[in-house]
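Here is my note on the model, point by point. Please keep the structure open while you read.

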Amino acid sequence: GINVGTYTFTGNSPLGYFQIGGRGKAIMLGVENLSTFAHELCHAADEKLHTLKDDRALLEIVAEMGGAVLLESIGYNHDADLGGAYRYIERYAETMQKPPVRACIDVLDRVCNVVTLILDEAEQIGQKG
């Protein structure tokens with residue numbers, strides 16, 4: 001139930017985004033990059049399980065860590081871009097005045113639930129196909 005689309009990326013645009021609007025839910029991508037897609041997919045799963053009204057830093061850490069865990073767990077180790085994920089998480093953890101590892105530990109349960117939802121949904125779709 002999520003539309004996926006693309007847009008022309010410019011230097012000021014985000015690499016991708018998840019939106020909820022009048023025409024439903026959508027993941028929009030400005031780059032061809034699995035880690036960006038996985039990040040936005042984790043936002044969508046997080047929205048399904050929780051609300052996206054939490055602190056932006058927390059939401060971004062959940063999505064970035066979730067995307068990296070998801071890609072690592074399905075064998076896309078290079079695309080998980082763990083170094084890039086760490087730097088991204090580090091920036092948001094700093095705004096929370098936490099070390100990156102502490103920020104990740106604080107959201108670990110939520111990340112696991114997000115990734116589990118995605119993998120379970122993928123399995124169900126695979127069984128139907």
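1. L119 sits in helix 5, residues 100–128. Helices here are DSSP runs of H or I with at least four residues, strands are E runs of at least two, and both are numbered from the N terminus. L119 is partly exposed, because its relative accessibility is 32%. The cut-offs: buried is under 20% relative accessible area, exposed is over 50%, and partly exposed is in between (1.4 Å probe, protein chains only).

2. A word on the source: this is a predicted model, where local features need pLDDT of at least 70 and side-chain atom pairs count only at pLDDT 80 or more, while totals for chains, interfaces and linings use all residues. Residues are numbered from 1 along each chain as its sequence is written, and side-chain values use heavy atoms, leaving out hydrogens and water.

3. L119 also belongs to a nonpolar surface patch, together with L34, I74 and Y76. The patch covers about 340 Å². Patch residues have over 30% relative accessible area and no salt bridge; nonpolar side chains (Val, Leu, Ile, Met, Phe, Trp, Tyr) are joined within 5 Å, like charges within 9 Å. Areas come from the Shrake-Rupley method with a 1.4 Å probe, and for residues only the protein chains shown count as cover.

4. How many salt bridges does a search of the whole structure find? It finds six. Each one needs a side-chain nitrogen of Lys or Arg within 4 Å of a carboxyl oxygen of Asp or Glu.

5. One of them joins R110 and D46, with the closest N and O atoms 2.8 Å apart. R110 is in helix 5 and D46 in helix 1 (residues 34–49), 64 residues apart. Both residues are buried.

6. K48 and E121 form another salt bridge, at 3.5 Å from N to O. K48 lies in helix 1 and E121 in helix 5, so this pair ties together parts 73 residues apart in sequence. K48 is exposed at 54% relative accessibility, whereas E121 is partly exposed at 32%.

7. Now the aromatic pairs: the search finds two. Y7 and Y17 are tilted, 5.4 Å centre to centre with 40 degrees between the planes. Rings of Phe, Tyr and Trp (its six-membered ring) pair if their centres lie within 6.5 Å; planes under 30 degrees apart are stacked, over 60 edge-to-face, the rest tilted.

8. Y88 and Y92 lie four residues apart in helix 4 (residues 82–95), which means about one helical turn separates them. Both are buried.
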